[in-house]
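Hi,

Here is the structure we talked about.

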Amino acid sequence: MSLLKVLFVLVTIAAACAGVCNGGVTSSFVRKSQPSTCMPIDTFPPPPGYNAPEQVHITQGDHDGKSMIISWVTPLEREPNYVIFWEANSKNKHKIHSRITSYRYYTYESGYIHHATIKGLKHDTLYNYQLGTGDAVRRFSFTTPPKVGPDVPYTFGDLGQTYDSNETFEHYYSNPKGQAVLFAGDLSYADDHPYHNNNRWDSWGRFVEKSMAYQPWIWTVGNHEIDFAPELGENVPFKPYMHRYRVPYKASKSTSPLWYSIKRASAYIILLSSYSAYGKYTPQYNWLEQELPKVNRAETPWLIVLLHSPWYNSNNYHYMEGESMRVMFESWFVEHKVDIVFAGHVHSYERTDRFSNVRYNITNELSTPVKDPSAPVYITIGDGGNQEGLANNFSEPQPSYSAFREASYGHGMLDIKNRTHAHFTWHRNHDNEPVAADSHWMLNRYWHPEEENN
């Protein structure tokens, strides 16, 4: 959004420290700990009209932001299989046809899933687009990002389709500041239902459509996207996800849609798969080894990574599940001065200071994380709301790397101001916008690698 600025309300955080704290703040606020109730599947019915397009969602369609992937489902027939689009201030309309896929999962049979890639768009421009015909016509719009270089905010989370998910989603949706969503995995939680009920993929797509159809969601996969169920005869990992959600992975020379990168305004965003092989010589390892040196910090100052399983997590839930991936890649993140790493998986919120644990080898016993000005801030934001409930069992004492943690639901906003400064806020569901339960000014590791005294 060029030099467009997003204003945030800055707050002083007054939170109690529970127990002995070697690290930062453990908030005394605890959201209800019991699992949330899933909304009935008919809470989000199909739109009216015969064969009406539904579950409409968009994501960036190339590496630089001049392309958009439009996806939707027609439940009954393959056609109409095209999207009509035009600049908002123009009457000159264009048509592009979709590629259609479908799949079966156990006894479920999907509708016709459409993916159409619109290319050659102008930066920082409002476009309208139309799907369907007759009484089923539906119209939406999106704004392309600014030309790579300046500033843009991003928002992200970890949602299911519970009443708490809905509260988080409505909080984000009512916040006009975000222009794109960074999503750290775990979409529908269909696999938590009997026989991996894929109707939950459909209801989730309808649930988030009012945001996803208008602004791009940029996602990586979580464990709930694996859907590997040999007992049901389903032996292909990520099958529903791969049919339903398209990403521009080939634009970054990736061999898989499960790991890829994009540039958006002043940010270079790398998305990794915690549940695909990442050991030495594997495709993901080889790709990341070649990808990190490509980042031009004069063009995209902010280097951001999304993955699902957190590397620094002081919660006893999913504790150290990301450790092997950290061992493989953390030294690269420090070497290339990654600014921020967003993760999900753990259903609470935590933000670290800049620490690393890259000194260790098998004989030197240097296995304690230490302050490191070249290290990222790690933010676990798996707190969008889900039927499994909160992760409210933090380890004590709070470790030195942990700056702030709280067991409640919410969403985050990242506001990149310029090449040196960005402001991150986390908003708990209990509060009305724009109250931030946690806020942090970040200094770019490449352009302004000073200590952040928040």
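Predicted model: local features only at pLDDT ≥ 70, side-chain atom pairs only at ≥ 80, totals over all residues.

Residues are numbered from 1 along each chain as its sequence is written, and side-chain values use heavy atoms, with hydrogens and water left out.

Helices first (DSSP runs of H or I, at least four residues; strands are E runs of at least two; both numbered from the N terminus). Eight of the nine residues of helix 2 (199–207) are buried, so helix 2 is largely enclosed by the rest of the structure. Buried here means under 20% relative accessible area with a 1.4 Å probe, protein chains only. Among them are Trp201, Trp204 and Phe207.

In helix 5 (283–291), the buried residues are Gln284, Tyr285, Trp287, Leu288 and Glu291. They cover an arc of only 165 degrees around the axis (taken from the directions from the axis to the C-beta atoms), which puts them on the same side of helix 5.

Now the pockets (open sets of points on a 1 Å grid over the protein atoms alone, where a 1.4 Å probe fits, with protein on both sides within 12 Å along at least five of seven lines; lining residues have an atom within 4 Å of a point). Of its 20 lining residues, Ile69, Arg99, Thr117, Arg246 and Val247 are the closest to its centre.

The second largest pocket holds about 490 Å³. Strand 26 gives the most to its lining, with three residues.

Cheers

Technical notes: Buried < 20%, exposed > 50% of the residue type's maximum accessible area, 1.4 Å probe, protein only. Points joined across faces, edges and corners; volume = space filled by probe spheres on them.
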